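Here are some friendly notes to read alongside the model. Take them one at a time, and keep the 3D view open as you go.

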Amino acid sequence: LVLASRQGGKARICLAMEWRGSRADPLDPKDVLEQIRTVLAPYRVRTVLSDQVMGDSLKRLAHDAGLYLDQKTTTATVRLANYASLKSLLSSGGVELPPTRLLREDVLRVRKRATPAGVQVVLPETPDGRHCDYATSLTLALSRWLPEPKDTQDTNDARRLERQLANTKRRLAKKFGPRQD
């Protein structure tokens, strides 16, 4: 859970929390949503943004807990642009983060990977089995303030990464011979 506000020209992360279950003691989504309602009550927030993960299932549970769940579905291009905008916002000092160690570590772990389908955001698994969950929550919380994705920037990033991938393949082929499929 990441809660963002705006102070002047700067975004401020007011709250960063997470719930973790285990195989022995898994989380109950209904209980978590009720806890989220309690945590958000002093901020007078009742709308929660969520990514596609279990979004449809959570909508009814959120409603029962007194929350409105707004499920955000994004394309790979928009997702890449949101993370690029987040990087820019962080490097320019346009966002104030709380002293939450895991949030910082999650953001630093985010990677881009060139694939045959294009450039993708990669959220590596952390040593404790998480998947950089704070990074996704942070982009959702800041999504109202992130600039709209620019197709030209995405295209330029994708082309640059595709050139880097092609150069790497050429260097590997030169060193080890052509690829044997």
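1. Which helices and strands each supply at least two residues of the lining of the largest pocket? They are strand E1 (2–7), helix H1 (29–40), strand E3 (47–50) and helix H5 (133–142). Helices (H or I, at least four residues) and strands (E, at least two) are DSSP runs, numbered from the N terminus. A pocket is an open set of points on a 1 Å grid over the protein atoms alone, where a 1.4 Å probe fits, with protein on both sides within 12 Å along at least five of seven lines; lining residues have an atom within 4 Å of a point.

2. Before going further, a word on what you are looking at. This is a predicted model, in which local features need pLDDT of at least 70 and side-chain atom pairs count only at pLDDT 80 or more, while totals for chains, interfaces and linings use all residues. Residues are numbered from 1 along each chain as its sequence is written, and side-chain values use heavy atoms, with hydrogens and water left out.

3. How confident is the predictor? The score, pLDDT, is the predictor's confidence in each residue, from 0 to 100. The chain averages 85, and 90% of the residues score at least 70. Confidence is highest in H1, at a mean of 95, and lowest in helix H6 (residues 151–176), at 71.

4. Now the overall layout. The chain has 6 helices and 7 strands, and from the N terminus on they follow the order β-β-α-β-α-β-α-β-α-β-β-α-α. Of its 181 residues, 33% count as buried; buried means under 20% relative accessible area, exposed over 50%, and partly exposed in between (1.4 Å probe, protein chains only). Take the contacts (heavy atoms within 4.5 Å) between residues at least 6 apart in sequence: 58% of these join residues at least 24 apart.

5. Back to the largest pocket. Its volume is about 1400 Å³, where a volume is the space filled by probe spheres set on the grid points, and points are joined across faces, edges and corners. Of the 39 residues that line this pocket, Leu1, Ile36, Leu49, Ser50 and Ser137 are the closest to its centre. The lining divides into 25 nonpolar, 7 polar and 7 charged residues. Here Ala, Val, Leu, Ile, Met, Phe, Trp, Tyr, Cys and Pro count as nonpolar, Asp, Glu, Lys and Arg as charged, and the others, Gly among them, as polar.

6. Ser50 deserves a click. This residue lies in strand E3 and, at 10% relative accessibility, counts as buried. Leaving out residues up to four places away in sequence, Ser50 touches Leu69, Asp70, Gln71, Lys72 and Leu140.

7. Next, look at H5, which gives the largest share of the pocket lining, 6 residues. Why is H5 described as largely enclosed by the rest of the structure? The reason is that 8 of its 10 residues are buried. Among them are Tyr134, Leu138 and Leu142. The buried residues of H5 pack against E1, strand E2 (10–16), E3, helix H3 (76–91), strand E5 (95–96) and helix H4 (101–109).

8. The structure holds 9 salt bridges, each a side-chain nitrogen of Lys or Arg within 4 Å of a carboxyl oxygen of Asp or Glu. In one, Asp128 meets Arg20 at 2.8 Å, N to O. Asp128 sits in the loop between strand E7 (118–122) and H5, and Arg20 in the loop between E2 and H1, 108 residues apart. Asp128 is partly exposed at 41%, and Arg20 is partly exposed at 48%.

9. Compare that with Arg130 and Asp106, whose side chains meet at 2.4 Å, N to O. Arg130 lies in the loop between E7 and H5 and Asp106 in helix H4, so the pair ties together parts 24 residues apart in sequence. Both residues are buried. Glu18, Arg20, Asp106, Asp128 and Arg130 are linked in a network of salt bridges.

10. Arg60 and Asp64 form a salt bridge with their closest N and O atoms 3.5 Å apart. Both lie in helix H2 (residues 55–64), 4 residues apart, about one turn of the helix. Arg60 counts as exposed at 54%, whereas Asp64 is partly exposed at 47%.
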